[in-house]
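Thank you all for coming. Please have a look at the sequence and the structure on the screen, and then I will take you through a few details.

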Amino acid sequence: MRLSATLLLLCALAAHAAAPEVPGWREYRSGHLAAARIAFWQAAENGDRVAAFNLAMMDWNGEAGPVDKRQGLYWLRRAAELRLAQAQHALGLLAERGDGVPKSLVEATRWFTLAARQGYLPAQLDLGTQYFLGRGAPQDDRLAAYWYEEAAKQGDAGAQYLIASMYEHGQGVRQDIPAAIRWYAKAAVQGDPGARAKALDLAKRQGRRAQNASSGSFR
């Protein structure tokens, strides 16, 4: 269920990101799925990577026809080979689950890496987790922290909390309490109550340390 919902969302995002340039998107949005599929197919044949991705999603989910995962994978790989980050990430999800392709966490990491290097936020999060857990890649807190921070810079509250915790404890990064406070505060602004509590607690502790250090200097 999670994967299908993810792919449907990616389909909408991919087409929307390029609308109205991608042929077929208007037809898709208006519910003319058969016409949309034909337009996506024609554009994909001419090398349009977003159209290839949208065509893949339609075939995968059985829109405008029966479910055809084999054909969906063909077009998904075409889009990924043309460096569409959404397609690369989607292939990583499929490899992670073994859905339509052999299950391989190593292959999932490879696809996540390609998409993450293009700045694709969901892939950065997933790649960080691969390194954090040592899943499909050697366990590496340094690389986990790097990718979580990249995702945090894009405004993901969960990543902001994670990198804050890593700065707080010096896990994968040099311990940096002010940096931890900043990232907790950013997550708190987005409505994370746990991050708000952590930011306030660390700030209070920092204040006490500074006060004690100042008092000691006059002795």
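Predicted model: local features only at pLDDT ≥ 70, side-chain atom pairs only at ≥ 80, totals over all residues.

Is Asp 201 buried, partly exposed or exposed? At 35% relative accessibility, Asp 201 counts as partly exposed, where buried means under 20% relative accessible area, exposed means over 50%, and partly exposed lies in between, with a 1.4 Å probe and protein chains only.

Residues are numbered from 1 along each chain as its sequence is written, and side-chain values use heavy atoms, with hydrogens and water left out.

Asp 201 forms a salt bridge with Arg 205, their closest N and O atoms being 2.9 Å apart; by salt bridge I mean a side-chain nitrogen of Lys or Arg within 4 Å of a carboxyl oxygen of Asp or Glu. Because Asp 201 and Arg 205 are four residues apart in helix H12, about one helical turn separates them, and helices here are DSSP runs of H or I with at least four residues, numbered from the N terminus.

Arg 205 also forms a salt bridge with Glu 168, at 3.8 Å between the closest N and O atoms. Since Glu 168 lies in helix H10 and Arg 205 in helix H12, this pair ties together parts that are 37 residues apart in sequence. Glu 168 is buried, at 7% relative accessibility, whereas Arg 205 is partly exposed, at 29%.

Finally, Glu 168, Lys 198, Asp 201 and Arg 205 are linked in a network of salt bridges.

Note on methods. Helix = DSSP H or I, 4+ residues; strand = E, 2+ residues; numbered from the N terminus.
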